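Reader: I would like to learn how to read pockets and cores in a model. Can we take them in turn?

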Amino acid sequence: PARLRLRRDVRALLQTTGTAAILVTHDRTEAMAMSDIAAVVIGGRVRQIGPVSDVFSRPADAEVAASLGIEAVLPAHVVGSSGGVIEVSVDDVSVDEAMLHVAEREPIAPGARVYACIRAEDVTLETRSPGQVSTRNHLAARIVSIASEGPIDRVTLDCGFALDALITRRSRDELNLAPGAQVTAAIKATSVHLVPRF
């Protein structure tokens, strides 16, 4: 509690006085709460800098994505695009299981090699087939494990590739989730971020 209070007080003081400050942290929650501008440093070099929301939602490359705590950084390639949606196939997985639909923020040529980055908090779980919904990605998955992380649970999935989802305990109980159960992992096209793979 003291840390949270101190974080809030320091941020308010810096804003009130217009004082610039540099905070060095490995805690992404702290970085998001305290920063206006974030710089990601890996191996002693600045790898990305920009508004904190941009850095966390659009990492520059796979190494930056992994350092920011993005759980799934999947090697993939662009199959095509239409209607503002890019189709991406995850490498080394059968095409039916591994096709992802990604919001087209910028044009990417078919065949381009990319990493598809997905945060666990952007994955929702379904136990019935969805009706008409806006979510573009519905992946058949098997629950590998469920681990408690305080008030939430981390559900590790096998979708033909590894994927994590963060859910509440109440959701776990209501959906009757357990290792081995078959579920659908739903991911909005706007929640998948592509970075170039060289």
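Reader: What volume does the largest pocket have?

Author: A pocket is an open set of points on a 1 Å grid over the protein atoms alone, where a 1.4 Å probe fits, with protein on both sides within 12 Å along at least five of seven lines. Its volume is the space filled by probe spheres set on the points. Here the largest pocket has about 960 Å³. This is a predicted model: local features need pLDDT of at least 70, side-chain atom pairs count only at pLDDT 80 or more, and totals for linings use all residues. Residues are numbered from 1 along each chain, and side-chain values use heavy atoms, without hydrogens or water.

Reader: Which residues are the closest to the centre of the largest pocket?

Author: Lining residues have an atom within 4 Å of a point. There are 29 here, and Leu 23, Thr 25, Ser 35, Ala 38 and Ala 39 are the closest to the centre. Strand 1 gives the most, with six residues. Strands are DSSP runs (E, at least two residues), numbered from the N terminus.

Reader: Which residues touch the most other members of the largest nonpolar core?

Author: A nonpolar core joins buried (under 20% relative accessible area, 1.4 Å probe, protein chains only) Ala, Val, Leu, Ile, Met, Phe, Trp, Tyr and Cys residues through side-chain atoms within 4.5 Å. In this core of 32 residues, they are Ile 118, Val 123, Leu 125, Leu 157 and Leu 163. Strand 3 (residues 72-82) contributes the most, with four residues. Apart from this core lies another, of nine residues, including Ala 38 and Val 52.

Definitions and conventions:
Buried means under 20% relative accessible area, exposed over 50%, partly exposed in between (1.4 Å probe, protein chains only).
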